[in-house]
Amino acid sequence: MNRILIVEDEERIASFVEKGLRANGFTTTVVPDGEAGYEYALTGGFDLVVLDIGLPDRDGFTVLRELRESRVTTPVIVLTARDSVRDTVAGLEGGADHWMTKPFRFEELLARVRLRLRTAARAPEVTVLKSGDLSLDLRTRRARAADRTVDLTAREFVLLELFLRHPGQVLSREQILSHVWGYDFDPGSNIVDVYVRALRKKLGAEKVQTVRGMGYRLPA
């Protein structure tokens, strides 16, 4: 089942889109501002993002630009009240896959969502993630550090995959909790630190860096 992130601050529109997508078999998450939208999209846990432009904290243009700069390739469909050619071009050149002007018909949005998901599904499947001498085989679920093969637990695998999909990028504990545990754990828990220590023990202490006050990152 495809997971769709809806970043929309207008409650009426967010509810309209969410109900329609859920009725058509999609799993949805709704966030009301740009900062939360960026944090959630950064986890890589979604198949598509529906993004409003006029958001509090960070506008949609900023969110889109920062996601693409962070090498997040998740398809993005933009919803906006802006209909100028200049804004449309800026959005598409900034990395949007589709641009829809409000008001819109849900049937059109649904068609665009399905089109983008079909296109993404036809893209070549990545089966091995690499960064430096570290690699992770997504089929066998085994890691290699230099010339060593490393067996991982299920949680360690998901955590390492997250780091390898975002090399050089600082991931906060909240982002890691959301992606690996789905917030089933108390955000104040030290479970992230425990699993990072476990990865370091298996892969090498230098493989995961601590960025004080911010989180962890895998050196690019």
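1. Start with a helix pair. R173, I176, L177 and W181 in α7 meet I191, V192, D193 and Y195 in α8 (contact means heavy atoms within 4.5 Å). The residues of this contact divide into 6 nonpolar, no polar and 2 charged. Here Ala, Val, Leu, Ile, Met, Phe, Trp, Tyr, Cys and Pro count as nonpolar, Asp, Glu, Lys and Arg as charged, and the others, Gly among them, as polar.

2. Keep in mind that this is a predicted model: local features need pLDDT of at least 70, side-chain atom pairs count only at pLDDT 80 or more, and totals for chains, interfaces and linings use all residues. Residues are numbered from 1 along each chain as its sequence is written, and side-chain values use heavy atoms, with hydrogens and water left out.

3. Now the geometry of that pair. Helix α7 (residues 173-181) and helix α8 (residues 191-203) pack at about 80 degrees, their axes 10 Å apart. That makes α7 roughly perpendicular to α8 (the class for angles of 65 to 115 degrees; under 35 is roughly parallel, over 145 roughly antiparallel, the rest oblique). Axes are lines fitted to C-alpha atoms, for helices over the stretch in contact, and angles run from 0 to 180 degrees between N-to-C directions. Helices (H or I, at least four residues) and strands (E, at least two) are DSSP runs, numbered from the N terminus.

4. Next, the domains. The chain is assigned domain 1 (3-117) and domain 2 (128-218); such bounds come from an automatic or database domain assignment. Their C-alpha centres lie 28 Å apart. Domain 1 gives 9 residues to the contact and domain 2 gives 9 residues.

5. How much area is buried between domain 1 and domain 2? About 700 Å², with 45% from carbon and sulfur atoms. Buried area is the accessible area (1.4 Å probe) that two parts lose on being put together, summed over both. In domain 1, L42, T43 and R71 lose the most area to domain 2, together 62% of what that side buries.

6. Salt bridges come next. The structure holds 16, but the rule finds 0 across the interface of domain 1 and domain 2. The rule asks for a side-chain nitrogen of Lys or Arg within 4 Å of a carboxyl oxygen of Asp or Glu.

7. K102 lies in the loop between β5 (98-101) and α5 (106-122) and E10 in the loop between β1 (3-7) and α1 (11-23), so the pair ties together parts 92 residues apart in sequence.

8. Check the backbone too. The peptide bond from K102 to P103 is cis, with omega near -5 degrees.
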